[in-house]
Amino acid sequence: MKDRWSEEELRAVVVAYREMSHKEAIGRAFVKSQYYKELAERFGRTAKSFEYRMQNISYVYDQMGKPWVKGLKPAKNVGTRTAELIEHIISEIERRDVDDKVAKLLPDDSLTKPAGVRSPKQTTVPTMTYERDPDVKRWVLSRADGRCECCGELAPFTNDKGCPFLEVHHLRTLADGGSDRVSNVVAVCPNCHRALHFGAERSVMLEQMYEKLSRLEQE
Ligand SMILES: [Zn+2]
Ligand SMILES: [Zn+2]
């Protein structure tokens with residue numbers, strides 16, 4: 001039985017923990033024991049020991065005033081050194097997340113202007129699409145009445161037919177097994193739509209949508 005946890009092990013636990021936390025926030029199903037099992041196989045400890053470690057991470061998050069994953073009750077039985085190391089790893093990962101985003105926004109003088117391609121080649125890409133119920137889309141758009149259900153602003157423009165332009169978004173995506181029902185669909189402005197897919201705050205936005213619209217059901 002190994003005793004001391006290496007930084008590498010703790011880092012892997014934190015990464016797995018954050019992944020579960022993200023899935024929980026966006027309402028995607030996950031199996032905790034699967035995470036423990038994978039870590040156990042990777043590091044040669046018992047799955048149970050990883051479950052305890054996860055609860056220690058909940059404890060550290062709780063101490064940091066942040067939410068912890070449901071079902072992983074904070075457990076205090078963690079040495080000071082380990083607790084500090086966990087907190088250090090969490091802050092480092094979170095800082096890196098922020099740095100990455102900032103880096104993409106900063107102008108970079110070392111970039112030369114790219115020539116691009118005059119006539120881009122055509123390729124066909126096989127795509128998988130889901131049949132959607134047009135009545136669901138119509139109903140949701142009619143309910144929204146020209147206002148984004150996310151930010152509450154009026155649609156930014158009207159289309160050729162003079163209708164306010166909003167897009168429908170599935171809160172749990174069809175690819176993730178989400179349903180095509182009004183309880184899973186919202187009408188949003190293009191900005192909010194992109195933000196719901198790619199924004200750093202997407203899990204918070206999602207939570208707010210569930211709170212705001214009573215017809216929605218978490219899937
Ligand atoms: Zn919006
Ligand atoms: Zn969408």
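## Domain contact

Domain 1 and domain 2 bury about 570 Å² between them, with 56% of that area on carbon and sulfur atoms; buried area is the accessible area (1.4 Å probe) that two parts lose on being put together, summed over both. In domain 1, the residues losing the most area to domain 2 are A25, I26 and R28, together 60% of what that side buries. The model is predicted: local features need pLDDT of at least 70, side-chain atom pairs count only at pLDDT 80 or more, and totals for chains, interfaces and linings use all residues. Side-chain values use heavy atoms, with hydrogens and water left out.

Domain 1 spans 7-105 and domain 2 spans 134-212, bounds that come from an automatic or database domain assignment. Their centres, taken over C-alpha atoms, are separated by 31 Å.

## Zinc site

The zinc ion (ligand 1) is coordinated by the SG atoms of C148, C151, C189 and C192 at 2.2 to 2.4 Å. Donors are N, O and S atoms within 2.8 Å of the metal (3.2 Å for Na, K and Ca); water is not among the atoms, so sites may look incomplete. Along the chain, the donors follow the spacing C-x2-C-x37-C-x2-C.

The arrangement is tetrahedral because the four donor atoms subtend angles of 104 to 116 degrees, four donors counting as tetrahedral if all angles lie between 85 and 135 degrees. Ideal angles for four tetrahedral donors are 109.5 degrees. C148 is buried at 2% relative accessible area, and C189 is buried at 8%; buried means under 20% (1.4 Å probe, protein chains only).

Terms used
Residues numbered from 1 in each chain as written. Chains lettered and ligands numbered in written order. Tetrahedral: all angles 85-135°; square planar, octahedral: opposite > 155°, others 65-115°. Buried < 20%, exposed > 50% of the residue type's maximum accessible area, 1.4 Å probe, protein only.
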